[in-house]
Amino acid sequence: MSTLLELKAVTKYYGSGEAVSRALDGVSFTMEQGDFTAIMGASGSGKSTLLNVIATIDRPSSGGILLEGKDISGMREQELAAFRRDRLGFIFQEYNLLDTLTVEENIVLPLNLQKRPAGETRQRLQAVAASLEITEQLSKFPRQLSGGQRQRAACARALITKPALILADEPTGALDSANSKGLMQTFTVMNRELGSTILMVTHDAVVGSYASRVLFLKDGRIWNELYRGGRPRQELYHEILDTMAVLGGEADVC
């Protein structure tokens, strides 16, 4: 596996003078192609800020962020817009599906923005819908779907452009425990069977245990990391709980 994402001493400050707030403080780590990494930590630890600077929604104050060997932290706005569209996939807590479009239209929207040929669009749609088991929902509108089905549609939309990296921000936050489990099983399919590289922010210990690695942030720094390896997921889950107890932060227990 080759290095896909590399963060080099990334810092992020807000404000100025005596009112300066340090959200990230020299964060460095790498992700290989095919990795599934979860970011955890207490509220205010820097989780959302970290995801935002990697997503190019915000710019770091210093340091470098390389994706596929290219420094994205110094890109101009026009380059960033194309980069987000073509190389990143996003999965949010609130789905962000357009109510006036069918599920199919929502999923293929990124390809239409890229002006992909109709034949290629149809082929990719059929493949991703079959992989995530939502073929029968394609003609429906988002309001006609369950929460779990909406998130699978959002996953399909993120996957269809074949992005280098998928960023997930509290993806189970609006789901009950049953749908959360279903979504994380979908993430497992995306990662292991479809080869997606996933970076996910979560405060839920159960959700974090589906990842192959968990990074813990504290005061804007990487405080600890855990690896699942070949162990049962339940072992990583209990290790996450123990780590959060020592860290002093909150973790949802399901």
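Biologist: Which residues of α4 are buried in this model?

Modeller: The model is a predicted one. A residue is called buried when its relative accessible area is under 20%. In α4, the residues that count as buried are Thr121, Arg124, Leu125, Val128 and Ala129.

Biologist: How far does α4 reach from its first C-alpha to its last?

Modeller: Helix α4 spans residues 118-131 and has 14 residues. At 1.5 Å a residue, 20 Å is expected, and the helix comes close to that. From first C-alpha to last, α4 reaches 20 Å.

Biologist: Which residue just after α4 takes a positive phi?

Modeller: The angle in question is a phi of about 60 degrees. The residue that takes it, just after α4, is Glu133.

Biologist: Are α3 and α5 roughly parallel or roughly antiparallel?

Modeller: The axes of α3 and α5 are 7 Å apart, and the helices pack at an angle of about 30 degrees. Angles under 35 degrees count as roughly parallel. Therefore α3 and α5 are roughly parallel.

Biologist: Which residues of α3 and α5 make the contact?

Modeller: The crossing of these two helices, α3 and α5, is right-handed. On the α5 side, the contact is made by Ala153, Ala156 and Arg157. On the α3 side, it is made by Val103, Asn106, Ile107 and Pro110.

Biologist: At what angle do α5 and α6 pack?

Modeller: The crossing of α5 and α6 is right-handed. Their axes are 9 Å apart. The two helices are roughly parallel to each other, and the packing angle is about 20 degrees.

Biologist: Which residues of α6 make the contact with α5?

Modeller: From α5, the contact involves Gly148, Gln151, Arg152, Cys155 and Leu159. Their partners in α6 are Asn179, Leu183, Thr186, Phe187 and Met190.

Biologist: Is Ser196 buried or exposed?

Modeller: Ser196 belongs to the loop between α6 (177-193) and β8 (198-201). Leaving aside residues up to four places away in sequence, Ser196 touches Gly34, Asp35, Leu159, Ile166, Met190 and Asn191. Its relative accessibility is 10%, and the cut-off for a buried residue is under 20%. Ser196 is therefore buried.

Biologist: What is the relative accessible area of Thr56?

Modeller: Thr56 is in the loop between α1 (47-54) and β4 (62-67). Although it is not a glycine, Thr56 has a positive phi of about 65 degrees. Thr56 is buried, and its relative accessible area is 6%.

Biologist: How many Å separate the C-alpha atoms of Phe141 and Val103?

Modeller: Phe141 is placed in the loop between α4 and α5, and it is partly exposed, with a relative accessible area of 26%. Not counting residues up to four places away in sequence, Phe141 touches Asp99, Thr100, Leu101, Thr102 and Val103. Although Phe141 and Val103 are 38 residues apart along the chain, their C-alpha atoms are separated by 5.6 Å.

Notes
Residues numbered from 1 in each chain as written. Predicted model: local features only at pLDDT ≥ 70, side-chain atom pairs only at ≥ 80, totals over all residues. Heavy atoms only, no water. Helix = DSSP H or I, 4+ residues; strand = E, 2+ residues; numbered from the N terminus. Expected span 1.5 Å × (residues − 1). Buried < 20%, exposed > 50% of the residue type's maximum accessible area, 1.4 Å probe, protein only. Axes fitted to C-alpha atoms, helices over the stretch in contact; angles between N-to-C directions. Parallel < 35°, antiparallel > 145°, perpendicular 65-115°, else oblique. Left-handed = near helix turned anticlockwise from the far one by under 90°. Contact = heavy atoms within 4.5 Å.
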